[in-house]
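Hi,

Here is the model we talked about, to open next to your own notes. Have a look at it, and then read on for what turned up.

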Amino acid sequence: MTKVKICGLFREADIAVINREKPDYVGFVFAKSSRQVDFATAKKLAAQVDPGILKVGVFVNGEHSLIKRLADEHVIDLIQLHGGEDNDYIAILKRSVHLPLIKAIKVQPGTDLRGLDYDVDYYLLDGPVPGSGEAFDWTMISKLAKPYFLAGGINCANLEQALAVGCYGIDVSSGVETDKVKDEKKIATLVRRVKMKKGRFGIHGGQYIPETLMEELHKIDAAYEHYKNDPEFNRELKKLLDEYAGRPSLLYYAKKMTEDLKGPKIYLKREDLNHTGSHKINNVLGQVLLAKKMGKTRVIAETGAGQHGVATATAAALLDMECEIYMGKEDTDRQILNVYRMELLGAKVIQVTSGTMTLKDAVNETLRVWTGRIDDTFYVLGSVMGPHPYPAMVRDFQAVISKEARQQILEAENKLPSAVYACVGGGSNAMGMFYNFINDENVKLVGCEAAGKGVDTPYTAATINTGSLGVFHGMKSYFCQDEYGQIAPVYSISAGLDYPGIGPEHAYLNDIKRASYLPVTDDEAVHAFEYIAKVEGIICAIESAHAVAQIIKDAPKYSPDDIIICCLSGRGDKDVAAIARYKGVEIYE
Amino acid sequence: MNRMKNAFTKKAFIAFITAGDPDLETTYQCILEMEKAGASLVEIGIPFSDPVAEGPVIQKANIRALNGGVNTAKVFELVQRVRQVSDIPLCFMTYYNVVFHYGVEKFMAKCQDIGIDGLILPDLSFEESEEVNQFKKRYDLELISFVAPTSQNRVKMIARQAEGFIYLVSSMGVTGTRSSFAGGLEELVALIKQETDTPVAIGFGINTPEQVKELSQYCDGVIVGSAIIKIIEKYGQDAPKHVREYVKEMVAALG
Ligand SMILES: Cc1ncc(COP(=O)(O)O)c(C=O)c1O
């Protein structure tokens, strides 16, 4: 991935932004400039910079003694020579200071870039007038003998061209300023765009998967890239979503809940009204249609609550695919009706008895089975997780939720909501609910995690609140795990949220603080399940009840002018028996 | 000095064992017995809660080991014990999260410190391998590359960068004893050999001397895991001598 250097820091206020956005390098200018810093200021600022970010000292024919002092006191990690320094100067400097060197080159028509032979580690190609904010003609750049930074006039507008040059890193200063000082938003936008590598969300995502599956993942990626822009594919998918799944789903104004909670105006995005009773159908129709286009004849899937399994079995029946669903034994016991439903739909349900016998083990087993038979088989993953391209593909298929909701709320209220809420297992309904609001900075995005018996007990599945960075199920993200990286058994009353990880894009939205993830306990969710049934006459899924519960808690923080939307990801018929049991009532189906 | 090369001075028999199954003492004894029986290299599996590339036999070994209280720190101690009496080339085989969570560089430094020669991480794809590769030289470790029956289009890319040895996966699917292998293995070996001198060892499913005899005609080594684990599963603490006999028989079949 191309590195980013944000140069010319001199204000303490900028360091917090830097530490949040994490460019690879920051630069302190010790030469005459409007951004010049002295030793003391640089030392103070440098001490506050996140240790993962390298600090570059920028000098124009700088005094060796100053450079040495800065190096010795760890104020700088690299030295950028931005004046007329030659190899003699460099040789002397190297005797006393042992830091990597960057030599800046002013590029003009006729500059011989191939012939450069400075004894340094990197070059930095800049326009003829450094600091002018003007870009030079990048087509002049030929292959260099050393890795180089590209500088001069790079900003969010010409970023794509800059990245296409093929440099080691880009160096930006005035391009992320407004009125000569660093602009928080510009830094954030620029750094995030550079870091948004395909298949990555910040540091999260990737493809951590056995070699046997890699070629197939690339094929799926290529097929998806093709079909997502194919009008015919999109027409077919839209027809299925509208005529078969029943989209668009309603955006329902929950008047009684609003009046009762005396907080914001509450709307419910009714994914529970979709065919098969949850948001899962949005993703499944997309993936099974793609599988069909790829010539596959068999689909396999994992399922937790059984909702994704039922949706996959449904799509397989409709689109004439052979279908196998893998489900942990714990879950086949809790969700016996869904097992029978899948079988009615013609799928084969395989009980998974390894590990904790829940969703994560179902994913393990589906991956294993897939590894054994790839040619005719497509793995329909149920959430925004797994190796690339799944997190992005599932998100795109679920994004229809927020695409509709955004339009619907504008039509109904003529303004955007203050916040949107959704429950988070792997995170597909939440990603679908968030996606088209991410750029609406004033819309808060709230994910509700299953805290089970509480985040301070081992009986929890709240990944963001209790987990740590790891690599599992093909992706880098946050996971519940022990001190040795063993994946922890997790617990929630909700089979659909009972997963030890979270999709990589959520991990990223959490890192950059664009979304927040709050824990909701079993008790709170069950209470909300009963509450919304009594108040609104809606029996929602116990998963969705986690989002409802958080809204009940947060309502007092909002004013009547605020609007919030809750994604009601599924309906609750499947949960009735389990809730009764939780309340100590035995019912027999 | 990295000992990996010593494993391939002749056709290699590579043995896999899950550390701590059924206990660390048995693992220790098995490693030494396998060396005596002629094993060229031992892959020591650090158990993981969710071994996605593993069939039921090794899955269960992982669970037995974890239930017995084995952890990464204890496996390091096991290696230190082995190193006091043996110079056999050793690799760790585990899942990437075990390494990642420990800290990649810290883990690799520790490996060098205790005398591990290579890492086998089945869920660290070629695409993501830079995270480990960047520290290989510094800590004198090899990261073993995988090639699978589905890798035709990827062989060149993988082989060019491969060091230590190449782990050629014999069949589609997960580990476990098998009676037949994917077609085209010999062609894959030939493709690899066009790109690199790095030795090629075939693994996944091998369990009989006849299979060893056949495969070792065209590769540089065979890797046997599930078959050894089955013996350990059957005999428990009594396993070391049975494992020795089995390995002896398999080594004798090498071409
Ligand atoms: C109704 C419902 N909501 C939510 C989820 C959680 O999944 P995700 O976080 O991917 O939306 C599930 C999963 O089974 C579900 O069935």
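**What turned up**

Ile587(A) has a relative accessibility of 40%, so it counts as partly exposed. Bear in mind throughout that this is a predicted model. You'll find Ile587(A) in the segment that follows helix H22 (576–582) of chain A.

Now go to strand E20 (residues 444–452) of chain A, where Glu449(A) sits. Glu449(A) is buried but makes no salt bridge. How far away is the nearest side chain of opposite charge? That is Lys553(A), at 11 Å. A salt bridge here needs the nitrogen and the carboxyl oxygen within 4 Å. As for what does touch Glu449(A), leaving out neighbours within four places in sequence, the contacts include Val424(A), Ile464(A), Ile502(A), Tyr517(A), Leu518(A) and His546(A).

Opposite charges on side chains can pair when the charged atoms come close. Over all chains, the count is 64 salt bridges. A few to click on:

- Glu21(A) pairs with Arg20(A), with the closest N and O atoms 2.8 Å apart. Glu21(A) counts as buried because its relative accessibility is 6%, while Arg20(A), at 27%, counts as partly exposed.
- Glu177(A) and Lys182(A) meet at 2.6 Å, N to O. Glu177(A) is at 9% relative accessibility, so it counts as buried; Lys182(A), at 6%, counts as buried too.
- Glu505(A) bridges to Arg395(A), the closest N and O atoms being 2.9 Å apart. Glu505(A) belongs to helix H19 (residues 504–511) of chain A and Arg395(A) to helix H15 (residues 390–398) of chain A, so this pair ties together parts 110 residues apart in sequence. Both Glu505(A) and Arg395(A) are buried.

There is also a network of salt bridges that links Arg298(A), Glu322(A), Glu324(A), Arg373(A) and Asp376(A).

In chain A, take helix H6 (residues 184–195). Its twelve residues reach 17 Å from first C-alpha to last, close to the 16 Å expected at 1.5 Å a residue. Which residues of H6(A) are buried? They are Ile187(A), Ala188(A), Leu190(A), Val191(A), Val194(A) and Lys195(A). An α-helix has 3.6 residues a turn, so residues three or four places apart point the same way. The cover over the buried residues of H6(A) includes strand E1 (3–7), helix H1 (12–21), helix H5 (159–164), strand E8 (169–172) and strand E10 (181–182) of chain A.

In chain B, H1(B) has 13 residues, which should span 18 Å at 1.5 Å a residue; the end C-alpha atoms are 19 Å apart, which agrees. Among the buried residues of H1(B) are Tyr28(B), Cys30(B), Ile31(B), Leu32(B) and Met34(B), and also Glu33(B). The buried residues of H1(B) pack against strand E1 (12–18), E2, helix H3 (72–85), helix H10 (226–235) and helix H11 (239–252) of chain B.

Just past H1(B), Gly38(B) has a positive phi of about 110 degrees. Ser40(B) is in the loop between helix H1 (24–36) and strand E2 (41–45) of chain B. Is Ser40(B) buried or exposed? Ser40(B) is buried, because its relative accessible area is 12% and buried means under 20%. Outside four places in sequence, Ser40(B) touches Ala7(B), Lys11(B), Ala12(B), Phe13(B), Ile88(B) and Pro89(B).

Cheers

Key: Residues numbered from 1 in each chain as written. Chains lettered and ligands numbered in written order. Predicted model: local features only at pLDDT ≥ 70, side-chain atom pairs only at ≥ 80, totals over all residues. Heavy atoms only, no water. Helix = DSSP H or I, 4+ residues; strand = E, 2+ residues; numbered from the N terminus. Buried < 20%, exposed > 50% of the residue type's maximum accessible area, 1.4 Å probe, protein only. Lys, Arg positive; Asp, Glu negative; His and termini not counted. Contact = heavy atoms within 4.5 Å. Expected span 1.5 Å × (residues − 1).
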